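Subject: Handing over a structure

Dear colleague,

I am passing this structure on to you, and my notes on what was found in it follow below. Please look through the sequence and the model before you read on.

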Amino acid sequence: MIPSKKATTWYEQRLIHIMDLIWADVERDVLPLFSNKIPTAVRDAKLSPEKIVQLLTTAIKTLDIIINKYSSSELTNQYQRIAQGAISIASAEADKDFKEAMQNAIGIDVEPLYKNVDFTIIKNGKPVTVGLEGAIKANTDLIKTIPKTYLGPMRDMLQDGVYQAYTTEELAANILQEYDLLIKPKYKATSKAYIARRIARDQMAKVYSQTTRQRQEDSGVEYFKWQTSDDERVSGNPSGAYKKAKVSCYNISRDNQIKKGKGVYSVKDGATWDGESNLFPGSAHIQCRCVMIPLIDGVNYDSATGKYKKPKMPKGTT
Ligand SMILES: [Zn+2]
């Protein structure tokens, strides 16, 4: 379960839509170069390496035009709105979860405790949570790199064909047939979903984690407990799927680094692992599913012994 599931899904769909638009251009401007005009010539094997190179070069140039079109500054505002939307959803999810976690821990609504915090995340087009302006900018820039990420491998493949056409003359004619077969299935679905999912998960987890941290600071919580999902997919779990992961959430959640208890860290500094500092649950590594549990002395935490006790109150109790 990803903490920022709603935001991730929303973001993923928008990114896929951008790639659908890009692909429509490819289908209109690039693919006909291969599928409509070439087959007969290829079958007759009359296409010289020079002609093939010419064709591939035209395809590469057309791809570059499409890449530039979808990375251009004219689209900045549109991309920014998408980034802003996704970030506000992730932030709202983090807020909601944090309020619930606090309610479960101390049994009261924490919102009145917040200092100068407005729960309207995006106010007058500006995010209230500190640092989210940076996330919006970073995500807008990241969306701009999608056209290149998406079409880059296809471009490389065509470029390889240019070299191949010169070195293996007898195979030159086959190259085009190969592209015709390869390009469409390869690009239509798999890479698109992969790119969107990776960006959305990674970025939304970061925003979620950042908002949670901010809320803990806002409500005066100094320490948190690092909680993993406690399964075989937790990074660094010695009997799990990612035992050799660089950042080990498994160990971080068991470590007593700041001598405040097992898996207890300060909201300000987070954890340190293998030379990396300022690590926080949800963003310690790509696809980190860990969460922060706010610790309140005398309620769900004993600062003298560093012991954490699970709250007994049922969820939603006030
Ligand atoms: Zn983790």
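Is β3 mostly covered or mostly exposed, and how many of its five residues are buried? The strand is mostly covered, with four of its five residues buried, where buried means that 20 or more other C-beta atoms, placed from the backbone, lie within 10 Å of the residue's own.

Before the rest, two remarks on the source. Residues are numbered from 1 along each chain as its sequence is written. The model is a predicted one, in which local features need pLDDT of at least 70 and side-chain atom pairs count only at pLDDT 80 or more, while totals for chains, interfaces and linings use all residues.

The whole chain

The chain has nine helices and nine strands, these being DSSP runs numbered from the N terminus (helices: H or I, at least four residues; strands: E, at least two). Of the 318 residues in the chain, 38% are buried. Among contacts between residues at least 6 apart in sequence, 76% join residues at least 24 apart, a contact being a pair whose C-beta atoms, placed from the backbone, lie within 7 Å.

The sheet around β3

An open sheet of three strands has the order β4-β3-β7, with antiparallel pairing, where two strands pair if DSSP finds at least two bridges between them. The edge strands are β4 and β7, each of which pairs on one side only. Neighbouring strands of this sheet are turned by 40 degrees against each other on average, direction ignored, with axes taken as lines fitted to C-alpha atoms.

Y223 stands opposite L295 in β7 and has S266 as its bridge partner in β4. F224 has P294 as its bridge partner in β7, and K225 stands opposite V264 in β4.

In β7 (residues 291-295), five of the five residues are buried, so this strand is largely enclosed by the rest of the structure. In a regular strand the side chains alternate between the two faces of the sheet. Both faces of β7 are covered, by V291, I293 and L295 on one side and by M292 and P294 on the other.

Helix α1

Helix α1 (residues 5-29) has 25 residues and should span 36 Å at 1.5 Å a residue, which agrees with its end C-alpha atoms being 36 Å apart; the expected span is 1.5 Å times one less than the number of residues. Among its buried residues are Y11, L15, I18, I22 and W23.

With best wishes

Technical notes. Buried ≥ 20, exposed ≤ 12 C-beta atoms within 10 Å, placed from the backbone. Contact = placed C-beta atoms within 7 Å. Axes fitted to C-alpha atoms, helices over the stretch in contact; angles between N-to-C directions.
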